[in-house]
Amino acid sequence: MLVLEGLDVWRGPSQVLHQISLEVAKGEIVALLGANGAGKTSTLLTISGLLRPRGGRAILVEGGQEFDLSRLSADRIVAAGVAHCPEGRQVFGGLSVTENLRMGAFLRRDGEVAQDMEEMGRLFPILRERAGGLAGQLSGGEQMMVAIARALMSRPKLLLLDEPSLGLAPQMVDAVFDIIETIRERGTTVLLVEQNAGMALDIADRAYVLEQGKITLSGPAAELAEDRRLQEAYLGLAPAEASS
Amino acid sequence: MTSSYLLQQVLNGLVLGSVYALVAVGFSMIYGIVRLINFAHGDVLMVGAFTAFGILLVFGFPLWAAVLAVLTIGAILAMLIDLVAFRPQRNAPQVNGFITSLGVSILMQNLGILLLSGRPRPFNLPDWLRSNLEIAGARMTVLEVVTVVITLVVLAGLTLFVRGTRLGIGMRATAENPTAARLMGIRVNRAIATAFALGGALAGLAGLLYAGRAGQIHPLMGFVPGLKAFVAAVIGGVGSLVGAVLGGYLLGFAEVLFVGLMPPAYGSYRDAFVFGLLILILLIMPNGLMGRAAEERA
């Protein structure tokens with residue numbers, strides 16, 4: 001479904017991604033793990049067209065078509081089936097919950113948007129209660145639900161989720177991870193960026209570990225959960241040569 | 001003071017406030033979406049006035065054609081200014097855009113003087129627009145009634161657009177968070193162009209109405225209403241459309257009441273009064289009447 005090949009990405013004067021290659025197969029949940037500043041968000045922004053790679057390719061294969069994401073504009077990438085639920089939720093605080101969801105369906109011309117809104121109300125009952133309220137007045141967890149529902153409103157084939165657990169109360173985190181599994185069951189492939197490696201590995205099929213813009217580990221989630229090097233990385237005990 | 005005199009002042013305020021509101025709404029809308037203090041906005045009004053002059057008085061077309069023309073020309077001109085002057089420096093600091101807008105304003109004024117001469121020209125609307133109507137002892141010209149009605153219709157239409165349509169909500173979303181808007185598939189440059197087009201159309205329309213009231217046009221005529229619209233937008237809370245309309249009417253009423261209630265000798269201090277009012281309101285409510293806590297500090 002998604003293939004990244006040797007991506008080199010720069011932000012201003014500094015290179016943030018070095019030769020990133022990864023694959024996400026249809027129907028998978030793939031986790032992208034790493035510490036703050038490792039390049040997780042930059043990877044997602046490159047996939048959704050907000051950052052442009054200087055080298056390498058990002059290919060989306062969907063419906064028998066191949067899309068070169070490094071050449072498409074951000075709106076074409078959404079139209080091709082990629083939705084990006086950004087770091088820190090970034091709901092439109094001055095818009096109502098319903099308006100936020102309508103924005104998620106901005107590019108859709110089919111007549112089923114209203115029907116999908118209903119569906120989101122079933123998936124996230126809190127959204128139905130707060131439909132007319134301003135998104136900015138919701139709690140962090142509720143805003144996360146709005147952000148995820150908004151992303152789903154484009155009917156994505158691939159959902160990019162950036163740190164959905166960040167800053168949420170523990171029971172809210174559980175709810176969010178339950179929803180991610182539901183999303184996959186509904187047929188959407190998920191690329192999940194997380195700092196909470198334990199929980200991410202619980203629901204993911206496979207995972208990649210990013211350190212300082214490079215992929216240093218990858219494999220099935222169950223194996224990585226047991227990996228000593230991963231535990232070291234998360235305890236900040238990475239070998240000296242990696243931390244220069 | 002008789003009640004008909006007071007009514008007369010209120011009606012005058014309503015008319016003046018309508019023109020200010022039309023310009024201020026566009027000004028505020030553009031600020032809201034690109035955080036740009038656009039001082040060239042008043043000069044779009046000037047071009048609207050000259051367009052109306054050409055259509056009505058040079059070519060002798062009917063009023064509806066002039067309204068259509070000022071809306072179109074205003075929209076195209078504002079989009080063009082955005083494309084040429086502002087878009088190339090979209091990510092530059094806020095002050096760059098502000099200075100650029102001053103440059104665009106001076107350029108347009110001087111182009112106007114060069115091409116059209118700086119000499120004021122009489123702008124006389126058809127007689128039927130200048131005939132008087134009597135309302136409970138107060139008098140209004142047909143043009144003034146038209147001004148108020150058109151303004152209210154246009155503002156209602158704008159509200160429906162911004163609240164209810166996909167593109168309108170998309171504009172608000174872009175104003176709030178351009179990055180998230182792009183992730184929704186909204187083309188940010190197109191949303192911004194839409195704001196400029198709407199703002200420009202309203203300024204063009206205001207040009208027709210303002211010139212009809214003043215009875216003359218000249219290339220520097222956009223400066224004062226542009227500045228007043230800026231004041232109205234700031235009083236209302238820049239970025240808020242409702243605030244801009246409120247600010248426009250408040251300013252219109254304040255100005256007319258000041259001139260109408262003070263002895264005639266003070267009449268020429270009206271602008272000093274307007275800016276004094278601005279300072280007073282900002283001292284009490286730094287974000288304006290409808291403004292949210294200042295988030296525009298880049």
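Angles between elements run from 0 to 180 degrees between N-to-C directions, along axes fitted to C-alpha atoms. The model shown in all views is predicted.

View 1. Helix α7(A) lies across β3, β7 and β8 of chain A and runs at about 155 degrees to β8(A). Strand β7(A), helix α7 (residues 170-185) of chain A and strand β8(A) together make a right-handed β-α-β unit. The two strands of this unit, β7 (residues 158-162) and β8, are paired in the parallel sense over five bridges. Within that pairing, Leu160(A) has Leu191(A) of β8(A) as its bridge partner.

View 2. Strand β8 (residues 189-194) of chain A is largely enclosed by the rest of the structure, because six of its six residues are buried. Thr189(A), Leu191(A) and Val193(A) point one way from the strand, while Val190(A), Leu192(A) and Glu194(A) point the other way.

**View 3. The six-stranded sheet of chain A as a whole.** Six strands of chain A form an open sheet of mixed pairing, in the order β6-β7-β8-β3-β9-β10. Strands β6 (82-85) and β10 (214-220) stand at the edges with a single partner strand each, so one side of each is left without a neighbour in the sheet. On average, and with direction ignored, neighbouring strands of this sheet are turned by 15 degrees against each other. Helix α6 (residues 140-152) of chain A packs on the sheet, where it touches β6 and β7 of chain A, and its direction makes about 170 degrees with that of β6(A). Elsewhere in the sheet, β3(A) and β9 (residues 206-211) of chain A run parallel and are joined by five bridges. One of the pairs in this part of the sheet is Leu32(A) with its bridge partner Tyr208(A) in β9(A).

**View 4. The four-stranded antiparallel sheet of chain A.** Four strands of chain A form an open sheet in the order β2-β1-β4-β5, with antiparallel pairing. Its edge strands are β2 (14-24) and β5 (65-68), each of which pairs on one side only. Neighbouring strands are turned by 20 degrees against each other on average, direction ignored. Strand β1 (residues 2-11) and strand β4 (residues 53-62) of chain A run antiparallel and are joined by six bridges. Asp8(A) stands opposite Gly55(A) in β4(A). Helix α1 (residues 40-47) of chain A lies across β1, β2 and β4 of chain A and runs at about 70 degrees to β2(A).

**View 5. Helix α3 of chain A against helix α7 of chain B.** Helix α3 (residues 97-104) of chain A and helix α7 (residues 166-176) of chain B pack at an angle of about 105 degrees, and their axes are 10 Å apart. This angle makes α3(A) roughly perpendicular to α7(B), since values of 65 to 115 degrees are classed in that way. Glu99(A), Arg102(A) and Met103(A) of α3(A) make the contact with Arg166(B), Ile169(B), Gly170(B) and Ala173(B) of α7(B). By class, the residues of this contact comprise three nonpolar, one polar and three charged.

**View 6. Burial of the two packed helices.** Helix α3(A) is mostly covered, with seven of its eight residues buried. Among the buried residues are Val97(A), Asn100(A) and Leu101(A). The buried residues of α3(A) pack against α4 (113-123), α5 (125-129) and α6 of chain A, together with α7 of chain B. Helix α7(B) is likewise mostly covered, and eight of its eleven residues are buried. Its buried residues include Met171(B), Arg172(B) and Thr174(B). They pack against α3 of chain A, together with α1 (3-34), α6 (142-164), α8 (178-183) and α9 (188-214) of chain B.

**View 7. The contact between chain A and chain B.** Chain A gives 20 residues to the contact and chain B gives 15 residues. On the side of chain A that touches chain B, α2 (74-80) and α3 of chain A each supply at least two residues. This side of chain A has ten nonpolar, seven polar and three charged residues.

How values were computed:
Residues are numbered from 1 along each chain as its sequence is written. Chains are lettered from A and ligands numbered from 1 in the order in which they are written. This is a predicted model: local features need pLDDT of at least 70, side-chain atom pairs count only at pLDDT 80 or more; totals for chains, interfaces and linings use all residues. A residue is buried if 20 or more other C-beta atoms lie within 10 Å of its own, exposed if 12 or fewer, and partly exposed in between; C-beta atoms are placed from the backbone. Two strands pair if DSSP finds at least two bridges between them. A crossover is right-handed if, with the strands pointing away from the viewer, the path from the first strand over the helix to the second runs clockwise. Angles under 35 degrees count as roughly parallel, over 145 as roughly antiparallel, 65 to 115 as roughly perpendicular and the rest as oblique. Two residues are in contact if their C-beta atoms, placed from the backbone, lie within 7 Å. Ala, Val, Leu, Ile, Met, Phe, Trp, Tyr, Cys and Pro count as nonpolar, Asp, Glu, Lys and Arg as charged, and the others, Gly among them, as polar.
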